[in-house]
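Here's a quick briefing to read alongside the model.

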Amino acid sequence: MIDVVDVHKRFKSGNRWVEALRGVSCQIDRGRFAFIVGPSGSGKSTLLYLLGAVDRPTAGSIVVDGQDLLAMSESAQNGYRRDQVGFIFQSFNLISNLTALQNVLVPYMPRGISPEVRQRAVDLLTRVGLGDRLDHRPYQLSGGEQQRVAIARALVKQPILVLADEPTGELDSRTGDEIYTILRQLQESSDVTLVVVTHDRRFIRPDDLVLEIQDGQLANGNGQVHGEVHSTVAAGS
Ligand SMILES: Nc1ncnc2c1ncn2[C@@H]1O[C@H](COP(=O)(O)OP(=O)(O)OP(=O)(O)O)[C@@H](O)[C@H]1O
Ligand SMILES: [Mg+2]
C-alpha cells in the first residue's frame, strides 16, 4: 500500500539547512494501523506530511496505492490530497462559523454537495456520537467533540489513507481514549490505512506497525518495529 524508499527531506532554515529526514524507508500494508513515534523534532510530522503529498521529499520515493507521489504532476498531487487522504490535526482545524455538519462537508464545498454526500456526513457524525449536535458550532462543542467532527470530516471523502498528527495532543486522557476507540473501530471496520503520530504509546497494539524516528532516521535502520516489542518493554519496565 505505502512504500517509502530512502526518503530525505531538507529544509532551509535561515541560512542553514535542517536535515529533517535522512534516508527513511518503510512499508505500510493496507488496513494497517501505523504509529510514528519519537522525540520532538525527530521528523515525525515531516514524514506524515510527505505521505499526504503536502510537501515533496528532497530525495527518495513514496508510492501510495501504486501512485508514485513524486512522479505526479502538481494537479495530480492536489487531487490525491483532496480525494484520497483524510487529515486529522492536533488542533482540530474546524471553521468557527460553520456548524458541525457544514465542517464535515467542507471538503465537498468547492465541488457541490450531493444528497448522498450530505447523508454520508450525517451518518459519520452519528457514528462518532454527534448525531444530536449537527447544528452546533465549534465553540458549542467540547475538545473531544470537535476532534470527532474533524474525524468525520477526514472520512467523508472515503479516503484510502488517514493521516493524524497527534490527534489527542490537546485532549485529556479519557477523551483521548474515546478518539482512539473511534480510530480503532474505523480500522477494524474498513480497509483504510491509518498513520498516526503520537507521543502516547498506550494505544499501540501488538499487530500495529511502529515507526520509531530518531533524528530523521528510523531507530532500527530500515527495519520495522512492531507493537509487541514495545508492549513487552513496557510490561517489563
Ligand atoms: N517548514 C520547515 N522549515 C524549516 N524547518 C523545518 C520545517 N518543518 C520542519 N522543520 C524542521 O525539521 C525538523 C523535524 O521537524 P518535525 O516537525 O518533523 O518534527 P516532529 O518530530 O514532528 O516534532 P514534534 O514532536 O515537536 O512535533 C525540526 O528540526 C524542524 O525544526
Ligand atoms: Mg510534529
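Ala 53 is buried, because 23 other C-beta atoms lie within 10 Å and 20 or more is enough to count as buried. Ala 53 also has a phi near 55°, which is positive in a residue that isn't glycine. Bear in mind that this is a predicted model.

- Ala 53 sits in the loop between H1 and E4.
- Asn 93 isn't a glycine either, yet its phi is positive at about 55°.
- You'll find Asn 93 in the loop between strand E6 (85-88) and helix H3 (100-105).
- For background, most residues other than glycine have a negative phi.

**Overall build**

- The protein has seven helices and eleven strands.
- Its radius of gyration is 18 Å, and a compact globule of 237 residues would be near 18 Å, so the two agree.
- Along the principal axes, the C-alpha trace spans about 50 × 50 × 35 Å.
- Of the 237 residues, 38% count as buried.
- Take the contacts between residues at least 6 apart in sequence: 68% of them join residues at least 24 apart.

**Around ligand 1**

- The shell around ligand 1 includes Phe 11, Ser 13, Val 18 and Ala 20.
- It also takes in the run Gly 38, then Ser 40, Gly 41, Ser 42, Gly 43, Lys 44, Ser 45 and Thr 46.
- By type, the shell residues split into three nonpolar, eight polar and one charged.
- Strand E1 (2-13), strand E2 (16-28) and helix H1 (44-51) each put in at least two shell residues.
- H1 contributes the most to the shell, with three residues.

**The four-stranded sheet**

- Four strands make an open sheet in the order E2-E1-E4-E5, with antiparallel pairing.
- E2 and strand E5 (67-68) are the edge strands, and each of them pairs on one side only.
- E1 and strand E4 (residues 59-64) run antiparallel and are joined by five bridges.
- Val 4 stands opposite Ile 62 in E4.
- In general, strands of a sheet pair through backbone hydrogen bonds, either parallel or antiparallel.

**Arg 10**

- Arg 10 belongs to strand E1.
- Leaving out residues up to four places away in sequence, Arg 10 touches Trp 17, Val 18, Glu 19, Ala 20 and Thr 58.
- Arg 10 counts as partly exposed because it has 15 C-beta neighbours inside 10 Å.
- Arg 10 and Cys 26 are 16 residues apart along the chain, and their C-alpha atoms are separated by 19 Å.

**Nonpolar core**

- The largest nonpolar core has 60 residues, and Val 104 and Ala 152 have the most contacts inside it.
- Helix H5 (residues 143-155) gives the most to this core, with six residues.
- Val 104 touches Ala 121, Leu 124, Leu 125, Val 149, Ala 152, Arg 153 and Val 156, again leaving out residues up to four places away in sequence.
- As a general point, nonpolar side chains tend to be buried together in soluble globular proteins.

Technical notes: Residues numbered from 1 in each chain as written. Chains lettered and ligands numbered in written order. Predicted model: local features only at pLDDT ≥ 70, side-chain atom pairs only at ≥ 80, totals over all residues. Near = placed C-beta within 6 Å. Nonpolar A, V, L, I, M, F, W, Y, C, P; charged D, E, K, R; others polar. Buried ≥ 20, exposed ≤ 12 C-beta atoms within 10 Å, placed from the backbone. Contact = placed C-beta atoms within 7 Å. Core = buried A, V, L, I, M, F, W, Y, C linked by C-beta atoms within 7 Å. Pairing = 2+ DSSP bridges. Rg over C-alpha atoms; globule rule 2.2 N^0.38 Å.
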